Amino acid sequence: MRASRLISLVLLLQSRGSMTAAELAAELEVSERTVYRDVEALSAAGVPVYAEQGRGGGYRLVDGYRTRLTGLSREEAEALFLAGLPGPARDMGLADAVAAAELKVLAALPATLRDAPGRAGQRFHLDAPGWFGESGPPPLLRELTGAVWRDQVVELRYRRDREVVRTVEPYALVLKNGTWYLVARVGGGPARAAGGGHRTYRVDKIVAVRPTGAVFDRDEGFDLPGYWREQAEAFLRSMLRERITVRLSPAGLRGLRYAVEPYAARHAAEAGGEPDADGWVTTTLPVESPEVALHELLRLGADVEVVEPAGLREELAATARRVAALYR
């Protein structure tokens with residue numbers, strides 16, 4: 001563990017230039033005393049690390065010093081070649097950059113680890129798009145990728161029930177189940193103070209992108225994974241806004257996650273009461289509408305019973321009678 005920590009310390013200094021003992025301790029999750037000992041060990045081993053005194057000082061490496069990737073374990077080296085998704089990288093126009101980076105990493109690896117990309121590629125393949133999505137990336141994905149990299153303010157024409165025009169600061173691109181989304185901050189200056197904020201746009205509904213020539217200052221405190229989790233939960237809550245009451249057999253409770261959205265299945269499992277004498281559980285289930293719920297619950301056959309609303313219960317019973325009549 002200490003060898004791995006020493007390598008991490010060197011790489012941190014190599015990438016960030018100068019860091020204090022407190023900053024290194026926070027990054028490595030150790031005490032400052034441990035950092036002092038690690039720096040002494042590195043110096044004794046010939047790594048040119050030195051301390052700058054005074055305000056703005058800290059530990060640094062001698063200018064020009066670079067370490068080769070000889071400290072990687074086999075697992076770490078193989079994981080590096082799984083870090084990128086070939087399909088999405090190609091869609092964003094980054095395939096050549098990813099290939100060049102992999103070649104450079106491969107050249108820096110010791111001979112004993114040169115088979116890492118082959119081993120990883122033959123054991124894992126990451127296919128992000130869904131089965132029935134449209135083939136090919138959205139037409140304007142590469143233009144948006146460039147704007148995201150360069151922090152360029154752009155004007156979007158976006159198709160909803162009608163076309164709207166928005167001037168946005170493109171923060172990030174997210175690939176969810178084969179669909180690309182743009183996360184952008186709307187408005188600048190006074191407009192942002194008046195209520196502008198981050199919004200999410202489906203890239204395949206963007207019909208035009210025009211750079212304005214301006215660049216924006218990125219909010220370094222913006223948490224993209226956190227924002228996306230909140231947006232996904234909010235979207236599901238807004239979509240699954242109705243509640244129905246159902247009884248589920250043990251098999252129905254297990255199979256619910258294959259019939260409805262995971263969020264709805266999780267809610268039903270948490271809201272369920274104690275099983276009755278036959279093992280059936282009564283619970284509430286979030287649904288988009290009774291019409292959608294009818295088709296979803298038919299997948300569970302006789303392992304689900306709708307208690308309320310009465311209209312959905314009657315429609316499910318009528319559908320069951322029509323199915324039974326076909327097989328009489």
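Strand E5 (residues 163-176) and strand E6 (residues 179-186) run antiparallel and are joined by eight bridges; two strands count as paired if DSSP finds at least two bridges between them. Strands (E, at least two residues) and helices (H or I, at least four) are DSSP runs, numbered from the N terminus. Keep in mind that this is a predicted model, where local features need pLDDT of at least 70, side-chain atom pairs count only at pLDDT 80 or more, and totals for chains, interfaces and linings use all residues. Residues are numbered from 1 along each chain as its sequence is written, and side-chain values use heavy atoms, leaving out hydrogens and water.

**Around E5**
- Opposite proline 170 you will find alanine 184 in E6.
- The hairpin of E5 and E6 has two residues between the strands, and asparagine 177 in the turn has a positive phi of about 55 degrees.
- E5 also runs antiparallel to strand E4 (residues 152-159), with six bridges joining them.
- Three residues make up the link in the hairpin from E4 to E5.
- Valine 154 has valine 168 in E5 as its bridge partner.

**The whole chain**
- The chain holds 14 helices and 11 strands.
- Its C-alpha atoms fill a box of roughly 85 × 55 × 40 Å along the principal axes.
- Of the 328 residues in the chain, 32% are buried (under 20% relative accessible area, with a 1.4 Å probe and protein chains only).
- Among contacts (heavy atoms within 4.5 Å) between residues at least 6 apart in sequence, 60% join residues at least 24 apart.

How values were computed. Buried < 20%, exposed > 50% of the residue type's maximum accessible area, 1.4 Å probe, protein only.
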